[in-house]
Amino acid sequence: MNDAVRLSQLEPGAKGRIVKIEAQSLIRRRLLEMGLVRGAEVTKVKLAPLADPAEYIVAGSHVSLRREEAWDVLVEPL
Amino acid sequence: MGIVQKTDKSIPEKTTFVVALAGNPNSGKTTIFNALTGSRQRVGNYGGVTVETREGVLRHGDIRLRIIDLPGTYSLSAYSIEEIVARDFIIQEQPDVVVNVVDGSNLERNLYLSVQLAEMGTKMVVALNMADEMRQKGLRVDLKALGRTLGAPVIPTIGTRRHGIDRLVDNIIAIACGELDALKPARVNYGKDVNAEVEKLAELINAGQADTVARQARQAASSSWVALKLLENDNVLAEKVHRCVTCEAVRDQVHLSRQRLTNLYGDDAETLITEHRYGHAHGIARQVMRRSVRAKIELSDRIDAVLTHRVLGLPIFAVLMYLTFWLVFTLGSPPMEWIKAGTGALSNWVAGQWTAQTLPLVRSLVLDGVIAGVGGVIVFLPNIMLLFLAIALLEDTGYMARAAFLVDRLMKWVGLHGKSFIPMLIGFGCTVPGILGTRVLDNRRDRMTTMLVLPLMSCGARLPIYMLISRAFFTANEAALAVFAMYIVGIVLAIVLAKLMRITIFRGQAAPFVMELPPYRRPTLLSLALHMWQRSWHYLKKAGTIILAISILLWAMMAFPHFTPDPTANLTDKQVAQKQLERSWAGRIGRILEPLTRPLGFDWKINTAMIGAIGAKEVFVSQMGMVYAMGEQEEADSVQLRENLHRDYSPLTGICVMLFCLISAPCMATVAVVRRESGSWAWALGQWIGLTILAYGITLVVYQIGQWLNVGMG
């Protein structure tokens, strides 16, 4: 887990595999439900015009996350 | 297809079956529902909460299917109202069949819910929807294999074109009648540690020590399902165990098991369980789905590249919002005028037939209370129908989520969700459709905050007041500036209040923004029409009665005690109206309130007009005209009325009147819809009282400081 980075730090177009989710309670739950589980592959698609939130693809669907939510997701870049 | 054909086809005893539709948001569940029920459906609110459920009936020979469209959810945990409503329905109402609508073009994420439904042990039929999109994406699904793992027949459908609906109905009936027996779904393997804890718990539950839980289990599904849910820290079930006295053993075991799993894996039990369940869904998707052609860049992605473009995204958004506003208000304005003209004509006609001498009070009640009240209800209808049309368009095409994506950064700063932007914008036209528009917000806290600050957006009815007052005291240029300032004051106050509510009554963890960006889709006419019609009808029924009641009350305040003019005095009609208002309860209250409002620069005349404005803001102008014994029609432009105001009041008072009208007492239609949308009078009245107190405070400070500095006294 040495080279793990925050999901929010991925460059648009980059991919990562989730190694840990640090978010708590409700947000954690929502992230899990949307398919952001350990081992899942995530692609960062793009940032919104005001640089936040960002669009990701996970489990085949497009999901929008705010920076602080993506910060709590640790990924190893692929 | 995971089904065994039964040999004897006994005639079913029961001819009405309850069928629940469950599925992810954006899975096309509603199009399936519309295809099944046509227009024979109605919108209802489930158990007083603001989650919409819809119900319809399908007749098939002797068999009647009662079809309930459950709210769209990604999961069946107990974390959002939608999830609780969907799950409670399945547990408590025990539908004969659950139709799980699955978006085939997004199989893995959709299967997560399917797996949970299968775990509950309900009889299920899977509608594999969006078969057309799957074909475009080059996706093929092995229906038999999918049916086997889920223990349910899988029917490919295209809801928007009614494809596969007949087969779906046949399968629903076959399952409901017991002609088809569902096979056991493949069990999710949660790993030996979780499995061991589930078993331990299930045994305790079965042992009958926990009778409430056991009853719950027997009612809904297996005891191992309850055990699993308890391990997942399911709020609703945990609460039940907490309250039941004999459940101590179960409660302790849940605690121990969760502790043990956390120690073993360093993660809480719900994460472990979710991961395994997603792993299961992922496995099924990989096993049953084949991608035959290399996917091209999809049309949806190409549209998205433009609509959420870093540079173009916001300008396009601005144009689309302008169009929405235009659709709702500009296009809605002529029919509004027709309605006004219609009620006016009706009122005149009645007045012509019914002379003032016979039953003058009843006549006045009918004319000024009932007809005016009903008019006040239906006058909003064009706006509301068009708003719901616009919202349905934005939602069904998938743009609503993008709009939230684009402006979320701005709204986050206020502490709100990106989706709050659209209702706020609508609020500049009219607060009532704005509040109804907050339905696009999934989170209650976001929704309530938006609803509570919405009246601060200067609505169309404030404009006549601003126009009358500002032009009475200022030059054209100054007046424009003053009106603009009112809009800004409203926005700034809304921001401050929203932030304040976030750290007080709506304190706590921020709601997750995590939001799906569904593929762009072409909306169907039927769905748009149904949305528009059903929601508007709901408004008429629920808010309409309250608005009517308040208008009659307000009428009574102006009509009593009745003023009978002395026939020798030779008063004109206008003078009679003035005297009536002056002597009515409204006028008296206006006078009684004078000591209280003098520090704001208001006298009894302004107070009385403000009382009228409780009904609808713009009434302030006509009441003011009445106080000065002027005609009812030309007040806003009336030079004479402006001159009177200019003579009697200082510009500072003018500013204070505008401020007070902006901030205080949302109109009765707003109160009615807030009551309806929030589900309680407490919010509606709290908002009313809170904003009025705030208005008093701010106006007081402005007037006193203005006087002290000797500003605007001339």
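# Exercises on a predicted two-chain model

In this structure, 27 residues of chain A are in contact with 29 residues of chain B, contact meaning that the C-beta atoms of two residues, placed from the backbone, lie within 7 Å. The model is predicted: local features need pLDDT of at least 70, side-chain atom pairs count only at pLDDT 80 or more, and totals for chains, interfaces and linings use all residues. Residues are numbered from 1 along each chain as its sequence is written, while chains are lettered from A and ligands numbered from 1 in the order in which they are written.

## Exercise 1. The side of chain A that touches chain B

Task: state which elements of chain A give two or more residues to the side that touches chain B, and divide the residues of that side by type.

Solution. 

Step 1. Helix H1 (25-33) and strand S5 (61-65) of chain A each give two or more residues. Helices (H or I, at least four residues) and strands (E, at least two) are DSSP runs, numbered from the N terminus.

Step 2. H1(A) supplies the largest share of this side, 8 residues.

Step 3. By type, the side holds 13 nonpolar, 6 polar and 8 charged residues. Here Ala, Val, Leu, Ile, Met, Phe, Trp, Tyr, Cys and Pro count as nonpolar, Asp, Glu, Lys and Arg as charged, and the others, Gly among them, as polar.

## Exercise 2. The dimensions of chain A

Task: compare the radius of gyration of chain A with that of a compact globule.

Solution. 

Step 1. The radius of gyration is taken over C-alpha atoms, and the globule rule is 2.2 Å times the number of residues to the power 0.38.

Step 2. For 78 residues, a compact globule would have a radius near 12 Å; chain A has 11 Å, which agrees.

Step 3. The C-alpha trace of chain A spans about 30 × 25 × 20 Å along its principal axes.

Step 4. Of the 78 residues of chain A, 47% count as buried. A residue is buried if 20 or more other C-beta atoms, placed from the backbone, lie within 10 Å of its own, exposed if 12 or fewer, and partly exposed in between.

## Exercise 3. Core and cover

Task: describe the largest nonpolar core, then decide whether H32(B) and Ile689(B) are buried or exposed.

Solution. 

Step 1. A nonpolar core is a set of buried Ala, Val, Leu, Ile, Met, Phe, Trp, Tyr and Cys residues joined through C-beta atoms within 7 Å. The largest has 217 residues, and Leu36(A), Val125(B) and Ile172(B) have the most contacts inside it. Domain 1 (3-182) and domain 2 (192-265) of chain B each give it at least three residues; the domain bounds come from an automatic or database assignment.

Step 2. Ile172(B) touches Val19(B), Leu65(B), Val97(B), Val99(B) and Val125(B), not counting residues up to four places away in sequence.

Step 3. Helix H32 (residues 668-678) of chain B is mostly covered, with 11 of its 11 residues buried. Just after H32(B), Gly679(B) takes a positive phi of about 85°.

Step 4. Ile689(B) lies in helix H33 (residues 681-709) of chain B. Ile689(B) counts as exposed because it has 12 C-beta neighbours inside 10 Å.
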